Amino acid sequence: MAKPIRPTPTLRGDDAIKFLKNMLLEEKKPNPKRIKFIEDSLKIDFKAY
């Protein structure tokens with residue numbers, strides 16, 4: 001039997017501020033490596049038989 005998934009921890013204080021700053025920066029100027037990875041992943045044809 002699979003183990004239960006633990007809840008995602010809640011970010012507080014400096015960790016929450018750092019996370020939000022990173023998300024806002026990523027929206028304005030996306031990381032080219034991440035964009036390329038996503039584009040390459042979308043080209044893969046996953047078929048389940």
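Is Met23 buried, partly exposed or exposed, and what is its relative accessible area? In this predicted model, Met23 has a relative accessible area of 40% and is therefore partly exposed, since that class lies between the limits of 20% for buried and 50% for exposed residues. Met23 belongs to helix H1, which comprises residues 13–28.

Charged side chains were examined next. Two salt bridges occur in the structure. One of them links the side chains of Arg34 and Glu26, with an N to O distance of 2.5 Å. Both partners fall into the partly exposed class: Arg34 shows a relative accessibility of 35%, and Glu26 one of 22%.

A salt bridge is also formed by the side chains of Lys36 and Asp40, for which the N to O distance is 2.9 Å. Both residues lie in helix H2, which spans residues 32–43. Because Lys36 and Asp40 are four residues apart in this helix, about one helical turn separates them. Lys36 is partly exposed, its relative accessible area being 49%. Asp40 is likewise assigned to the partly exposed class, at 32% relative accessibility.

Terms used. Residues are numbered from 1 along each chain as its sequence is written. This is a predicted model: local features need pLDDT of at least 70, side-chain atom pairs count only at pLDDT 80 or more; totals for chains, interfaces and linings use all residues. Side-chain values use heavy atoms; hydrogens and water are left out. Helices (H or I, at least four residues) and strands (E, at least two) are DSSP runs, numbered from the N terminus. Buried means under 20% relative accessible area, exposed over 50%, partly exposed in between (1.4 Å probe, protein chains only). A salt bridge is a side-chain nitrogen of Lys or Arg within 4 Å of a carboxyl oxygen of Asp or Glu.
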